[in-house]
Amino acid sequence: PFFAPPPPTPSDLSKVGEKGGAWTAQTHLKNYGFNVDWGLMEVLESSCREIENSRIPPGSSENGWARYKNNDPFNPLIDMWVAPKKNFVNCKVLEIGCGVGVYADALKKEQAKRNRIVIGIEPNPMGGTFERGKAGPKQLAVDMLAGGDTKSVTDLAKRISNDELKGEKFDLIYSIEVFEHMPPDRHDDAVRFLKAMSRKGTKLIFGAGSPGQVGVGHIGLRRQKEWIDIMAKHDFVANVTETADAVHRMQEYNHRVNTVVYYYRGD
């Protein structure tokens, strides 16, 4: 049910994304490389594990994700872990602007994580790690704003929910340094898409470029306070404590100054 836009011609590759359009895998790698923030990786994986641990019934003999010996709360992934029983490791994760899939792949890779549903959205097909079938994450090559109006955005969200999650919603959504590539007059619709993908309590980790931030295709820069206000209008509430903890772990400067952790308080 999802249709990707036609790939750009070779002569257009240098301009892809400069006006808020789609990015190819080559464009991502040319401009930013793999662009891995190991601290962000820890925040995402730890968020999944917290969600999965919360599903273990009180009094159960199952202890959830357990460390062998590492007790450093700010570096939780540097040592070996014991996974819970497989039926609990089933976090449903959505990444908006997944690029070549570095973070999405890490959340799905390894046998213990095979029952997680990890989906990335990026307008152009990325290939690579998204071609590993059930062993890897899945990409939906869609432009969530392509329809041009609010109804098309919410209709797409409903279609994804029905086709990919059997009508359920995502537990964790994240989008890091992506929304600045969208026109400002569509930011509300983009957040409506996040809302339509969320259930009560969904965790959203979100950061977008702020005014003056240098980059390619930055057509929708906003101050962090503006984003917090837009999110609040759509029932995403900023969590100051978790934001402070998350950005403390992150290594990239823009991630540290732009990212906020939210929870959806709607239905």
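Me: Why is Lys92 called buried?

Reply: The word buried is used for a residue with under 20% relative accessible area, while exposed means over 50% and partly exposed lies in between (1.4 Å probe, protein chains only). Lys92 has 11% relative accessibility, so Lys92 counts as buried. The model is a predicted one, in which local features need pLDDT of at least 70 and side-chain atom pairs count only at pLDDT 80 or more, whereas totals for chains, interfaces and linings use all residues. Residues are numbered from 1 along each chain as its sequence is written, and side-chain values use heavy atoms, with hydrogens and water left out.

Me: Which residues does Lys92 touch, and where is Lys92 placed?

Reply: Lys92 belongs to strand S3, where helices (H or I, at least four residues) and strands (E, at least two) are DSSP runs numbered from the N terminus. Contact means heavy atoms within 4.5 Å, and, leaving aside residues up to four places away in sequence, Lys92 touches Arg55, Ile117, Leu165, Glu168, Lys169, Phe170, Asp171 and Leu172.

Me: How many helices and strands are there, and what share of the protein is buried?

Reply: The protein has eight helices and nine strands, and 48% of its 267 residues count as buried.

Me: What is the order of the strands in the open sheet of seven strands?

Reply: The order is S5-S4-S3-S6-S7-S9-S8, and the pairing is mixed. The edge strands are S5 (138-140) and S8 (236-238), each of which pairs on one side only.

Me: How do you know that S4 and S5 pair?

Reply: Two strands pair if DSSP finds at least two bridges between them. Strand S4 (residues 117-121) is joined to S5 by three bridges, and the two run parallel; Gly120, for example, has Gln139 in S5 as its bridge partner.

Me: In which sense does S9 pair with S7 and with S8?

Reply: S7 and S9 are antiparallel and share four bridges, including the one in which Phe206 has Val260 of S9 as its partner. S8 and S9 also run antiparallel, joined by three bridges, and here Phe236 is partnered by Tyr264 of S9.

Me: What makes S9 a mostly covered strand?

Reply: Four of the five residues of S9 are buried.

Me: Why is the pair of Phe179 and Trp227 called edge-to-face?

Reply: Rings of Phe, Tyr and Trp (its six-membered ring) pair if their centres lie within 6.5 Å, and planes under 30 degrees apart count as stacked, over 60 as edge-to-face and the rest as tilted. By this rule there are four aromatic pairs. The ring centres of Phe179 and Trp227 are 5.8 Å apart and the planes stand at 75°, so the pair is edge-to-face. Phe179 is in the loop between S6 and helix H5 (187-196) and Trp227 is in helix H6 (residues 224-233), so the pair ties together parts that are 48 residues apart in sequence. Both residues, Phe179 and Trp227, are buried, and together with Phe206 they form one aromatic cluster.

Me: How do you know that the charged end of Arg222 sits over the ring of Trp227?

Reply: A charge sits over a ring if NZ of Lys or CZ of Arg is within 6 Å of the ring centre and within 35 degrees of the ring normal. The charged end of Arg222 sits over the ring of Trp227 at 5.7 Å from its centre, and the charged end of Arg49 sits over the ring of Trp65 at 4.0 Å from its centre.
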